[in-house]
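Here is a short report on selected local features of one protein chain. Look at the sequence and the model first, then read on.

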Amino acid sequence: MRLAVVGWAADSGVGRELIDAVRNLPVSCAFILENPSKPTRKDLMVGLPTYFAQPANLDKQMELFIECHRPDTILTWEVPGSWSFPAIWARKDVKWVHMCHWDWFSSAPEHMPVWKMGRLLCPNTLCQNELKTLGLNATLIPVPVDTDRLPFQQRTKANTFISVYGYGGPQHRRSIPEIVEAWRKLGNSPPKLVIKAQKAVDEVKGILVPNNITVELGNTPEPADLYKGGDIALQPSRYEGVGVSLVEAQACGMPVIAVNAEPMKDIVCGPLIPVEKAMKIAIMGKALTSNLPSVKGMVDIVNSLRGKDISELSRKARAFAEEKFSWKALKDRWIETLSGK
């Protein structure tokens, strides 16, 4: 197998999935697209034949890439980079394997023939079931994280809570309004909460932010850097496609508080916040379920953990991530899947 990866190489989301795949799969070359809102980690692509695409004439660039590097298999995530790429790959007899993210999966009629050109993978049963409703079959396989780059740090007491906002997401994905309201209800001495953001958190602009909530803005060179200064990860995402940040936090030894809805409840082993209300939103032209976390439920969980010994929860979080979502556990399965076995 001559495997190429096509996509973005940023510090979060699909970029992190591509970077980790390059480190752990037998990748022979890469075609990297620019994302104007997220910096490309060119330094992490050193040593691999890599083509950094320009915005214009992408199809011609892809044609040249295929002719130069001769891959027989191409792996993509979320979207195929350009909707015209799969036709190029099919014409050149290159197998296309694609990891679907249900939150950003496009079910537009014009894209359905494109999806049928490739072998689809999905990271969770929610995505798999939704694809079935569209008449698309997909192989279920988790998206791994690189636990070698996410060192375990024993957490002992729940004094500082971390919420990774990253680049946010449409329609209050990270539940910042509910987090702020929960901290208001925690009284005059709530525990410390740090929101880690790679762009400005619009949801906190113009509102009174309670004491002990701070927002740290800026990129981090390594995912593990997000989790060094905290004890508990508060990640009440209303929806997730993969939930990489939830798995990364657990790999670093942080118990994760998530929402009791798919797929979040399937990728954490920590406390789950009840859903206050599930509603339909529209993303990429399709309906997606957005699960609003219960503010009272969040307050109850935070109160049950603050100041308590979480050593066992910390160890369980790391073990869960290693067993279910590490490249060490999933590498052979991924190679077999890409090879068509």
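In this predicted model, R149 touches R16, I19, D20, R23, L44, E222 and A224, leaving aside residues up to four places away in sequence. The side chains of R149 and D20 are joined by a polar contact of 3.2 Å. R149 sits in the loop between β7 (138–140) and β8 (160–166). Is R149 buried or exposed? The relative accessible area of R149 is 15%. The cut-off for buried is under 20%, so R149 counts as buried.

**Helix α10**

Helix α10 covers residues 327–338. Its end C-alpha atoms span only 15 Å, whereas a straight helix of 12 residues would span 16 Å at 1.5 Å a residue. Which residues of α10 are buried? They are W327, L330, W334, T337 and L338. These residues cover an arc of only 90 degrees around the axis, so they lie on the same side of α10. An α-helix has 3.6 residues a turn, so residues three or four places apart point the same way.

What do the buried residues of α10 pack against? Their partners are the strands β1 (3–7), β4 (73–77), β5 (95–99) and β6 (119–122), together with the helices α1 (14–24) and α9 (311–325). The face turned away from the buried side carries K328 and D332, which are exposed. After α10 comes G340, with a positive phi near 85 degrees.

**Helices α7 and α9**

Two packed helices are described by the angle between their axes and the distance between the axes. For α7 (residues 244–251) and α9, the axes come within 7 Å and cross at roughly 125 degrees. Because of that angle, α7 is oblique to α9. On the α7 side, the contact is made by V247, Q250 and A251. On the α9 side, A317, R318, F320, A321 and F325 make the contact.

V247 belongs to helix α7. V247 is buried, at a relative accessible area of 3%. Not counting residues up to four places away in sequence, V247 touches V145, I267, A321 and F325. Among these, A321 and F325 are also residues of α9 in the contact with α7. How far apart are the C-alpha atoms of V247 and L48? They are separated by 27 Å, and the two residues are 199 residues apart along the chain.

**Backbone features in loops**

A cis peptide bond joins E262 and P263, with omega about -5 degrees. P263 is in the loop between β12 (256–259) and β13 (272–273).

R70 and D93 each have a positive phi in a residue other than glycine.

Conventions
Residues numbered from 1 in each chain as written. Predicted model: local features only at pLDDT ≥ 70, side-chain atom pairs only at ≥ 80, totals over all residues. Heavy atoms only, no water. Helix = DSSP H or I, 4+ residues; strand = E, 2+ residues; numbered from the N terminus. Buried < 20%, exposed > 50% of the residue type's maximum accessible area, 1.4 Å probe, protein only. Polar contact = N/O pair within 3.5 Å; in protein donor to acceptor, adjacent residues only side chain to side chain. Contact = heavy atoms within 4.5 Å. Expected span 1.5 Å × (residues − 1). Arc of directions from axis to C-beta. Axes fitted to C-alpha atoms, helices over the stretch in contact; angles between N-to-C directions. Parallel < 35°, antiparallel > 145°, perpendicular 65-115°, else oblique.
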